[in-house]
Amino acid sequence: MSTYDLVGVGIGPFNLSLAALCDGVPGLRTLFLDRRPAFSWHPGLLMEGTVLQVPFLADLVTMVEPTSPWSYLNYLRHHDRMFPFFFSERFHIPRREYDHYCRWAAEGLRSCRFGAEVSALSWDEAAGAFALTYRSAGTTATVLARQVVLGVGTEPVVPAPLRPLLSRSSPGPVLHSADYLAHRDRLRSAADVTVVGAGQSGAEVVLDLLRAGGPYVRWLARTPAFAPMEYSKLGLEHFTPDYIGYFRALPEAERERLVREQWQLYKGVSAETLADIHDELYERTIGGGEPPAALHPGVEVVSARADTDGYALTCRHAPQEAGFEIRTSAVVAATGYAAARPAFLEPLADLVDWDAKGRYQVDGQYRVALDPRVSGGLFVQNAELHTHGVGAPDLTLGAWRAATILNAAAGHVVLPVPDKVAWTSFGAPRTPEAARARPSVGSLR
């Protein structure tokens, strides 16, 4: 049975970042497993013209190791695109290109193995290591790992009233925006489409349908406004190690409140997309036309039913405490994603120190709290919004978090990472001595 120093489960951008940073580290044996046949990043939303919401420097490695061969700039060099990229003067790159860049890295990293579905993760006390059982190419195998990093991603969230309608295909589809492209042609030919959710994906679906010139588009959102994402230079300092340290030290109730109230930091819409939607509506009103759309913020869908002509959605406008009903041919729930406990973790579940809400308790190095009998380290990526704040799902901190995990797993500094980079002092001023204090890292065993 093979033994690895570190095994990653799931190969999305965050664990792919870790795989890239681990590549070439002397004496470190790693393996990354993913059940999908190949890398794919939000394929249902890779529409033409959509761009990454973070600068290209937030690639897999550059923020901590700009000389890595797995940087976006090296990807451009390998594909003879350096000059076109330079002339395009892009800071935010196309999403389709980011997906292609990640696939290039995933295919080039020998530690990445696709078509390998993990079925069980347990603690082997005799071996002093985690045992991972996975199935690949029709066979089942088990490997041992001293450290395991969960990067299984998040799952689409659909409001409870819409869930019973998800399996219906007529008269029109009800789906999560993650599946938008697969149903795009049907939606464009529908008479009336309702999009639920005020984030970037909802805005992009609305814009795509408006540009198609087909259906009447209705946009509903619980948020009080269709608001732009916070993108001021000081506002972006919420996506720094400084803010994570501040957030982690807050009481749980305060952390929960902040995550709810900071929705514009990670659930807002780019100002450019909002402007494009406005421009589309403006063009349609030239000469006295009516815009083929309705925008309703502050609205929650409280129930839904299907009939022969479409769907009836019972809604509530929260500020006015007013109820109303709308009828629509199809529904796209652009209602985000959330972390979920993977089924393969069940053999280890009794050894995980869950919080009162059944979530991981995660320390400063992204290590999950486990029973003291477990000497190995279990780490998570993008499952710590409740403990680390709004930067958890953001690509900006991806390489920094991966390097932090790598250092903790190795027991020494493989890649230096800063813990203070912001101009903003979050919280009360600290003494110089406290400001210089740094947490210790764990070790491979």
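Helices (H or I, at least four residues) and strands (E, at least two) are DSSP runs, numbered from the N terminus. The structure is a predicted model, in which local features need pLDDT of at least 70 and side-chain atom pairs count only at pLDDT 80 or more, while totals for chains, interfaces and linings use all residues. Residues are numbered from 1 along each chain as its sequence is written, and side-chain values use heavy atoms, with hydrogens and water left out.

With a relative accessible area of 27%, Thr-3 is partly exposed; here buried means under 20% relative accessible area, exposed over 50% and partly exposed in between, using a 1.4 Å probe and protein chains only. Its contacts, taken as heavy atoms within 4.5 Å, are with Arg-29, Leu-144 and Arg-146, not counting residues up to four places away in sequence. From C-alpha to C-alpha, Thr-3 is 9.8 Å from Leu-31, and the two are 28 residues apart in sequence.

Next come helices H7 (residues 241–248) and H8 (residues 252–261), whose axes come within 9 Å and cross at roughly 135°. Axes are lines fitted to C-alpha atoms, for helices over the stretch in contact, and angles run from 0 to 180 degrees between N-to-C directions. H7 and H8 are therefore oblique to each other, given that angles under 35 degrees count as roughly parallel, over 145 as roughly antiparallel, 65 to 115 as roughly perpendicular and the rest as oblique. On the H7 side Tyr-243, Phe-247 and Arg-248 take part, and they meet Arg-255, Leu-258 and Val-259 of H8.

Within H8, the buried residues are Arg-255, Glu-256, Leu-258 and Val-259. Viewed down the axis of H8, these buried residues fall within an arc of 165°, so they line one face of the helix; the arc is that of the directions from the helix axis to the C-beta atoms. Ala-253, Arg-260 and Glu-261 are exposed on the face of H8 turned away from its buried side. The cover over the buried residues of H8 includes H7, helix H9 (263–266) and helix H11 (385–388).

Phe-239 sits in the loop between strand E10 (216–220) and H7 and is buried, with a relative accessible area of 7%. Not counting residues up to four places away in sequence, Phe-239 touches Leu-265, Val-390, Gly-391, Asp-394, Thr-396 and Leu-397. Its C-alpha atom is 8.7 Å from that of Ala-392, which is 153 residues apart from Phe-239 along the chain. Asn-382, in the loop between strand E17 (377–380) and H11, is buried at 15% relative accessible area. Neighbours within four places in sequence aside, its contacts include Phe-14, Thr-154, Ala-392 and Arg-401. Pro-161 belongs to the loop between strand E7 (155–156) and strand E8 (174–176), and touches Val-301, Val-302, Ser-303 and Ala-304, not counting residues up to four places away in sequence.

Finally, the cysteines. A search of the whole structure finds 0 disulfides, a disulfide being a pair of cysteine sulfur atoms within 2.5 Å. For Cys-102, the closest cysteine sulfur is that of Cys-112, 11 Å away and too far for a bond. The sulfur of Cys-112 is 10.0 Å from its closest cysteine sulfur, in Cys-22, again too far for a bond. Cys-102 is buried at 0% relative accessibility, and Cys-112 counts as buried at 12%.
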